[in-house]
There are 2 protein chains.
Amino acid sequence: MNIGILGTGMVGTTIGAQLIRLGHTVMVGSRSTENEKAVAWVKSHGAAASLGTFADAATFGEMVFLCTKGDALLDILERVGSNRFAGKTVVDVTNPLDFSKGVPPSLFICNTSSLGEEVQKALPDSFVVKTLNIVNCEVMVNPAKYAPDGTMFLCGNDRDAKEKVRELLTRFGWRDILDLGDITGARGMEMMLPLWLRAWMVTKDVHVAFKAIRH
Amino acid sequence: MNIGILGTGMVGTTIGAQLIRLGHTVMVGSRSTENEKAVAWVKSHGAAASLGTFADAATFGEMVFLCTKGDALLDILERVGSNRFAGKTVVDVTNPLDFSKGVPPSLFICNTSSLGEEVQKALPDSFVVKTLNIVNCEVMVNPAKYAPDGTMFLCGNDRDAKEKVRELLTRFGWRDILDLGDITGARGMEMMLPLWLRAWMVTKDVHVAFKAIRH
């Protein structure tokens with residue numbers, strides 16, 4: 001499958017590399033196609049990897065991953081235009097982190113809305129699925145190594161889109177995937193960040209993950 | 001040990017019963033000592049149980065548990081007076097749940113503060129420890145049954161107070177206890193509520209608990 005990834009930072013390239021390993025063709029999208037790190041990453045990942053603008057990557061993907069910084073995301077989506085995402089499954093991996101008051105960050109949106117919901121509003125003709133935002137990107141793509149019993153949550157308004165994303169998460173290695181219902185479930189998923197950040201700070205373990213114990 | 005519990009609802013009485021089982025003497029505190037359910041609960045729990053006002057329970061306890069509704073808590077503390085809690089370990093089990101806009105509730109304080117921090121401000125001469133708020137009260141006192149591998153978080157500004165609470169949690173059966181540092185760790189712990197509530201809604205399992213997977 002052709003997959004577009006918005007964002008060429010650690011999250012985007014880590015997910016991109018895993019998608020290529022799984023046989024997909026990936027275009028990562030950046031503000032500028034002359035982004036040196038992104039150019040080098042594409043070169044080192046063979047014919048299945050390419051680089052474009054955010055708009056190019058959105059157009060390219062049958063499925064599109066959102067891996068930009070949270071505070072840049074809505075502006076990027078507006079500039080790219082929702083039409084480029086229309087009819088597609090959009091996987092939102094971002095978090096609404098606000099570093100303006102220092103570290104650890106707070107959330108610039110939470111509680112009565114979420115970045116996931118705002119993304120769904122910005123892309124009304126797309127099927128937004130929130131997932132993967134609750135762990136470090138190395139854990140996202142290799143739970144077998146870091147969290148074999150870990151739980152990955154997902155939520156979104158469209159059943160088929162969630163099924164597609166669930167399949168992909170399974171290929172990543174997630175064995176316990178919990179569907180939290182419609183996109184408002186993103187509130188809880190994004191509000192896990194302060195706990196995750198805190199647990200990371202006190203344990204110095206960036207690969208902290210969570211298991212939701214059910215009966 | 002003499003332990004005071006503010007709040008005679010399900011959380012307060014469930015914790016109270018477990019503390020009595022562990023050999024402690026418990027006074028539960030209510031708005032009125034004529035609260036019928038509380039009177040009945042005390043009668044059925046023998047000589048180690050008694051009922052008083054919020055102020056009575058605060059005075060009685062060497063350690064005090066806060067188990068009231070979150071939105072009533074700060075007002076109750078103000079009316080009781082911080083002097084009754086002075087020098088004591090205060091275990092804050094509450095959540096800042098706002099039901100005014102329906103169910104599921106949102107949080108009336110979060111992100112850049114927490115109810116735990118506000119309690120510490122209201123009780124400047126006490127040692128507030130936030131814990132247990134992230135699971136149903138049956139899980140709080142019986143993790144061996146519901147979450148033998150579950151993680152319980154705690155946080156607070158005073159090392160000794162946290163050690164006392166950790167000991168009690170261990171007696172409750174928690175085997176994995178993660179100290180999140182100072183009382184600002186309560187932000188993450190309280191912000192877990194939306195995820196917990198959501199997981200409960202979709203799984204119909206009120207005993208959902210969490211394991212923080214570390215390496």
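Colleague: Which elements of chain A are included in what covers the buried residues of α2(A)?

Modeller: This is a predicted model, in which local features need pLDDT of at least 70 and side-chain atom pairs pLDDT 80 or more, whereas totals for chains, interfaces and linings use all residues. Residues are numbered from 1 along each chain as written, chains are lettered from A and ligands numbered from 1 in written order, and side-chain values use heavy atoms, without hydrogens and water. Helices (H or I, at least four residues) and strands (E, at least two) are DSSP runs numbered from the N terminus, and contact means heavy atoms within 4.5 Å. The cover of the buried residues (under 20% relative accessible area; exposed is over 50%, partly exposed in between; 1.4 Å probe, protein chains only) includes α1 (10-21), β2 (25-30) and β3 (49-53) of chain A.

Colleague: Why do the buried residues of α2(A) line one face of the helix?

Modeller: The buried residues of α2(A), residues 36-43, are A:A38, A:W41 and A:V42. They line one face because, seen down the axis, the directions from the axis to their C-beta atoms fall within an arc of 95 degrees.

Colleague: Which residues are exposed on the other side of α2(A)?

Modeller: The buried face of α2(A) holds A:A38, A:W41 and A:V42. On the other side, the exposed residues are A:E36, A:K37 and A:K43.

Colleague: What polar contact joins the side chains of B:D98 and B:S100?

Modeller: B:D98 is in strand β6 (residues 97-98) of chain B and is buried, with a relative accessible area of 15%. A polar contact is a pair of N or O atoms within 3.5 Å; within protein, one must be able to donate a hydrogen and the other to accept it, and residues adjacent in sequence count only if both atoms are side-chain atoms. The side chain of B:D98 makes one of 3.4 Å with that of B:K101, and with that of B:S100 one of 2.6 Å.
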